Each structure stands twice: as structure tokens, then as C-alpha cells.
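Colleague: Please put the model on screen. I would like to go through some side chains with you.

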Amino acid sequence: MKIAVVGVGAMGSVYAALMGDAGHEVWAIDSWAEHVEAIAARGLRVEGASGNRTVRIYASTDPAEAGACDLVIIATKAMHVESAAASAKPLIGTNTQVVTIQNGLGSADRVANALAGTSVIIGVAGGFGASIKRPGHAHHNGMELIRLGNRDGAVTLELKAIAEVWEGAGFKVRVFDDIAQLVWEKLICNVCFSASTALTEWTIGQVMAGEDTWRIASSCAVEAYRVARAKNIALSFDDPVDYVREFGSKIPDAYSSLALDLMAGRASEIDAINGAIPPVGRDVGVEAPYNETVSALVRVKERRLGVR
């Protein structure tokens, strides 16, 4: 299969390397020229829970160089997903399948609008704790689960075929009929650890070990859980604190991607993660003061860094 990964940051690098190692023709598409040049020159190195490998794949800053692909994986940050989808049009052929994998809410709708007429699969990655070590080199602490579901309907044979591609590359995969469940179960984990690790610059394990940090982080998760229940989301668990504690215990040495962005002086996805909970909560009559407060503090930190 010919596969393009658009947005080859930490998680995109994991996808691209494992897909390439499984024998697919993989194109890494990213605007970070130094990263692209390193991949083209030396291959893409990924180490961590999946092992340690350097994989030769194609790499370019220009999607047109790759041409139409069988599968396009959009793995940019949420705030870049609309422009990434628009740039991916040269990758779209008659039978191209598109999987978009971002944290938070709203990305799939923006991708679908940018690629009108193309069916979109929503992906949710959990428990990886990935980071970029240097150009051409990524690391991930865990490798829990890839969740996939069609944006506009139930599980289909085509979706199952895409899931098999991921499984063949070594990923653990589940397919979902209920997209809302897929998105919100990951979002509850995101809101627990994203702002908390970003504000403290502590790892997930350190946040869990601190009395005050864990109270704040777990309260963010509880608020998101209450909003999901008020929206009649069919979650698979009843205790959100146990749920996020179990998630975090699998990658205690990791930072959230939001924390890594701020620590590197980049803008974050706060508006799509913790910042998304209060407005959705207001729509269903659920207050979310913890998420509102930590989101405001992250925005202050972004302004101090000059990235907002």
C-alpha cells in the first residue's frame, strides 16, 4: 500500500516508521525541512516501546511529489489540521482513504470540509507518550491502542481493511461504531494530563504522585466525564479517576504532547483539549471550573512565550 503521513512529528514518525517497516511505500510529508532532510538522508529512526529501528522511507515538504496514495494519515496538531488537509489534496485519488488523528475536539470536521467528497476516518491514539529527540529521530514510551471509526457511520468492511493495515504494522487496534465514545474516552485522558504536565513541566508520573497536582488533574478528568455523560456519550467506564490513573500508570515517564510543545516554545492545542470542555459543558448545563482555570493559565504561559 502507498501511504502518506502528513505531519511527521512525534506520533507521525511512529506511524510512518512502523508502516514503512511493514513493507508499505511510505511518504513522510512535513513542513519542517530539517526533519525531512534527515529522514531522506539517513532514514527515520524510532525507538521505544516498539523497539529500535531505522527505516528508509520517502520524505518531502511537497505533497505533490508523492502524488495520489491509497491511505493518507493526517497527524498534525489540531490547530494545523485544516491547512494540512488542504495541502493534502495532491495525495487524494479516486479510492484514497483518509485517517485523521488529533487530540481534542473538532479536527475531523475541519478535515472533511477541506477534503469535500472524501470519506474521513477518525483515529485516536492512546498511551504512546511520543517525543522527537532530534531531526529524523523519535521516541515513544508506550504503545497502547489505536482507535478507528468512520466519521459518517458505522464500522464497514473498508474500515476493517484499514484497521488490518495498522495491525500488520504492529499496532493494537479497535474499531468503533460510536465515534463519540472513541473521541471522548481519549479526551478525558487528555484533559487530565495535558494542562497539568504543561503548567508544571512534570512527567505524567510526577503529576500523579503530587497531592495538589493530582487533585487538579483528576478534577479536570471528572469534569470532562460529567460533560460526556450529560451529552449521553456511551462511555465504557464509570469511574473517571480510576480510568485516567490506569492510563497514566502505563506511561509515567512521558510528558503530554501539549507540555512538550510549550517546553519547546511552540503554541499548544489547549483550545481543542482542556479549553474545549467549558463551552461544551455550558451547552449541557455542566460547569467546568478546573478546565477553565488551567486553560487560562496555559494561554498566559503561551503569551509569555510569545506563541499566542
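Colleague: Is R299 buried, partly exposed or exposed?
Modeller: This is a predicted model, in which local features need pLDDT of at least 70 and side-chain atom pairs count only at pLDDT 80 or more, while totals for chains, interfaces and linings use all residues. Residues are numbered from 1 along each chain as its sequence is written, and side-chain values use heavy atoms, with hydrogens and water left out. Buried means under 20% relative accessible area, exposed over 50%, and partly exposed in between (1.4 Å probe, protein chains only). The relative accessible area of R299 is 22%, so R299 is partly exposed.

Colleague: With which residue does the side chain of D271 meet in a salt bridge at 3.0 Å, N to O?
Modeller: A salt bridge is a side-chain nitrogen of Lys or Arg within 4 Å of a carboxyl oxygen of Asp or Glu. D271 supplies one side of the pair, and the N to O distance is 3.0 Å; the partner is R299.

Colleague: How many residues apart are D271 and R299?
Modeller: Helices (H or I, at least four residues) and strands (E, at least two) are DSSP runs, numbered from the N terminus. D271 is in the loop between α11 (257–263) and α12 (277–283), and R299 is in helix α13 (residues 289–305). The pair links distant parts of the chain, 28 residues apart.

Colleague: Which residues are linked with D271 in a network of salt bridges?
Modeller: D271 itself is partly exposed, at 40% relative accessibility. Its network of salt bridges takes in R299, E302 and R308.

Colleague: Where is R151, the salt-bridge partner of D109?
Modeller: The side chains of D109 and R151 meet at 3.0 Å, N to O. D109 is in helix α5 (residues 107–114), 42 residues apart from R151, which is in the loop between β11 (145–150) and α6 (157–168).

Colleague: How many disulfides does a search of the whole structure find?
Modeller: C220 is in no disulfide, its nearest cysteine sulfur being that of C192 at 7.4 Å. C220 is buried, at 2% relative accessibility. For the whole structure, the search gives a count of 0.

Colleague: Which residues does N190 touch, leaving out those up to four places away in sequence?
Modeller: N190 lies in helix α7 (residues 179–200) and is buried, at 8% relative accessible area. Contact means heavy atoms within 4.5 Å. On that basis N190 touches N103, G104, I273 and N274.

Notes
A disulfide is a pair of cysteine sulfur atoms within 2.5 Å.
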